[in-house]
Amino acid sequence: MDLSRVSAYTPEPVGGAGQQAAVLAPVLVRDGETHVLFTKRADHLGEHPGQMSFPGGSREPEDGTLQTTALREADEEIGLRSKEAAVFGRLDDILTVTDYSVRPFVAAVPNRAYDPDEREVAEVVPLAVSDLVDLDNYESERREFSGYGCRRIHYFHVGDYTVWGATGLMLAQLLELTTDWTVPEEPDRVVDSDAELPV
């Protein structure tokens, strides 16, 4: 995983969303292998319970920048201190179906244990890049969303975990940008809006 490609990349912003948010995609090396760090959201949360995500959340009035938002949320959710994160740059902003514009930042972080805030995070999960780029662990679908048109949804299945939704979209771009992995040209299936989600 070549994070210098993130530094050289010019990300696309989005506008028009009702709310702003930011996330941090933490990358670490563990046992000689590169991993991406995710959180598994607590089951009792009102939004996206139990889903895999990057540390992050809504911009607060005191946040000077969206990078500040991402680093503050990572500290609150997993105990990653801002001085520990070497931010390389960011990916394209995404507009979610919940009317958020989300700005993803990418950072190298130390290989250590991280402490989840149990009010929000059930588990901190490092997933090996070698597993994430294995096409046997990947599937996608094209799905129609009311008011948002047709979107491609990515699913990365590693062990008992599945990364999908907005986080799957960010992860797909991160992997395409920093590794030799590319999103397959065609999705595995095309489904309508009320089809069952394969998670």
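E84, at 17% relative accessibility, counts as buried. The two meet in a salt bridge, with their closest N and O atoms 2.8 Å apart (a salt bridge is a side-chain nitrogen of Lys or Arg within 4 Å of a carboxyl oxygen of Asp or Glu). This pair links distant parts of the chain, 28 residues apart: R112 is in the loop between β7 (100–108) and β8 (121–128), and E84 is in the loop between α2 and β5 (86–90). Helices here are DSSP runs of H or I with at least four residues, strands are runs of E with at least two, and both are numbered from the N terminus.

A word on the model itself: it is predicted, so local features need pLDDT of at least 70 and side-chain atom pairs count only at pLDDT 80 or more, while totals for chains, interfaces and linings use all residues. Residues are numbered from 1 along each chain as its sequence is written, and side-chain values use heavy atoms, with hydrogens and water left out.

Back to the salt bridges, which come to 12. R189 and E141 form one of them, at 2.9 Å from N to O. R189 belongs to strand β12 (residues 189–191) and E141 to strand β9, so the pair ties together parts that are 48 residues apart in sequence. R189 is partly exposed at 25% relative accessibility, whereas E141 is buried at 1%. Shared partners also join D63, R72, E73 and E76 into one salt-bridge network. Within it, R72 and D63 bring their closest N and O atoms to 2.8 Å, and both residues are buried.

T69 is buried, at 0% relative accessibility. Beyond its neighbours within four places in sequence, T69 is in contact with A22, G57, S58, R59, E60 and D63 (contact means heavy atoms within 4.5 Å). Over in helix α4 (residues 165–178), L174 is buried too, at 1%. Setting aside neighbours within four places, its contacts include M1, V6 and V106.

D31 gives a contrasting picture: it lies in the loop between β1 (19–30) and β2 (33–41) and is exposed, at 76% relative accessibility. Its phi is near 55°, a positive value in a residue other than glycine.

Key
Buried < 20%, exposed > 50% of the residue type's maximum accessible area, 1.4 Å probe, protein only.
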